[in-house]
Amino acid sequence: MRAIEIREPGGPEVLTLTTREKPVPGETELLIKVAAAGVNRPDCLQRQGAYPPPAGASDIPGLEIAGEVEATGASVQGFKPGDQVCALVAGGGYADYCTVDESNALLAPAALTMTEAAAIPETFFTVWHNVFQRGGLKSGETFLVHGGTSGIGTTAIQLAKAFGARVMATAGSDAKCAAMKDLGVDVAINYRDTDFVEAVKDATGGKGVDLILDMVGGDYITRNYQAAAMDGRIVQIAFLRGRKAEADFALLMTKRLTHTGSTLRARDIGFKAEIAQELRKHVWPLLNERKVLPVMDSIFPMEQASAAHRRMEDGDHIGKIVLDMS
């Protein structure tokens, strides 16, 4: 089969089209003929040598796929050859074929194309766990997401609105703020010309927000504490501005804040299966009715994986970048 491999740690140019052995599904696994694969920032970090795959995972990048089940392991019960599925994988997505435990796969929403379906798993699993399970967002609460036009951001905005939250989001241009408004954001903040802490306080009458989803880190950490309401929660999922910072922890105490965080790739199959079950119950109906959709920035042929990574890293994208594997 064709696959994209990382020749050596480096820039997008190290992504190389190669030939690999077609994988064989294990006892509880599906073999998926991949139609499309999502591109995510962890793929770029892996390419740079900063985010190695967990033990036992493929060294081929790619954490989310959509395609057709070609074969199943002997104990698979929930899927059959010919099913159209999307799946969260620990690696191996940038290839013609990929295996995944059946519990980490879902039938592709019938209302979506395969490229749209490939844009779902990584972001929707991540947002559901961090915003709703870990962050505990409830209807009527206020929610701030940084990086509102990223794949994670556009997903978080839509799901938070769908479940009744008042949503604020930051982005780096007026055009991106307009795009967030189109998704339903109540308060769009251009962080290049507006202090998000002051904007949040102005929009909440000085109270602050109940939940913050942060992928920035660095100097945002103390500022998040300033922007949070009493008993507020901050969930950390990345550190684009650095993982080390000075923070005023007195605010953590006086505001009774909760600051938590998580990574998803290294979690076990059973943990991801629980998220899949909740998505099937709570989010799949919204996708099938197209009330919530992955925001599609661009689609690149498999052979242009390097260009897809450049698009990711230039920071101009709005929503998801996907590889067409046909």
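This is a predicted model: local features need pLDDT of at least 70, side-chain atom pairs count only at pLDDT 80 or more; totals for chains, interfaces and linings use all residues.
Tutor: Residues are numbered from 1 along each chain as its sequence is written, and side-chain values use heavy atoms, with hydrogens and water left out.

Student: What makes helix α3 mostly covered?

Tutor: Helix α3 spans residues 121–134, and twelve of its 14 residues are buried. Buried means under 20% relative accessible area, exposed means over 50%, and partly exposed lies in between (1.4 Å probe, protein chains only). Among the buried residues are Phe124, Val127, Trp128 and Phe132. The helix itself is a DSSP run (H or I, at least four residues; strands are E, at least two), numbered from the N terminus.

Student: Why is tryptophan 128 called buried, and why is phenylalanine 163 called partly exposed?

Tutor: Tryptophan 128 has a relative accessible area of 5%, which is under 20% and therefore buried. Phenylalanine 163 has 30%, which lies between 20% and 50%, so the residue is partly exposed.

Student: Why is the pair of tryptophan 128 and phenylalanine 132 called stacked?

Tutor: Rings of Phe, Tyr and Trp (its six-membered ring) pair if their centres lie within 6.5 Å; planes under 30 degrees apart count as stacked, over 60 as edge-to-face and the rest as tilted. Here the centres are 4.6 Å apart and the planes stand at 25 degrees, so the pair is stacked. Both residues lie in α3, four residues apart, about one turn of the helix.

Student: What makes the pair of tryptophan 128 and phenylalanine 163 edge-to-face?

Tutor: The distance is 5.7 Å centre to centre, with 65 degrees between the planes; that angle is over 60, so the pair is edge-to-face. Tryptophan 128 lies in α3 and phenylalanine 163 in the loop between α4 and β9 (166–171), so the pair ties together parts that are 35 residues apart in sequence.

Student: Why is α3 called oblique to α4?

Tutor: Helix α4 covers residues 151–162, and α3 packs against α4 at an angle of about 55 degrees, with the axes 9 Å apart. Axes are lines fitted to C-alpha atoms, for helices over the stretch in contact, and angles run from 0 to 180 degrees between N-to-C directions. Angles under 35 degrees count as roughly parallel, over 145 as roughly antiparallel, 65 to 115 as roughly perpendicular and the rest as oblique. The angle makes α3 oblique to α4.

Student: Which residues of α3 and α4 meet?

Tutor: Contact means heavy atoms within 4.5 Å. On the α3 side the residues are Thr123, Phe124, Thr126, Val127 and Phe132; on the α4 side they are Gly151, Ile152, Thr155, Ala156, Leu159 and Ala160. These residues divide into seven nonpolar, four polar and no charged, where Ala, Val, Leu, Ile, Met, Phe, Trp, Tyr, Cys and Pro count as nonpolar, Asp, Glu, Lys and Arg as charged, and the others, Gly among them, as polar.

Student: How do you know that α3 and α9 are roughly perpendicular?

Tutor: Helix α9 (residues 269–282) packs against α3 at about 85 degrees, with the axes 10 Å apart. That value falls within 65 to 115, so the two helices are roughly perpendicular to each other. Phe124, Phe125, Trp128, His129 and Gln133 of α3 make the contact with residues of α9 including Phe271, Lys272 and Glu278. The contact divides into seven nonpolar, three polar and two charged residues.
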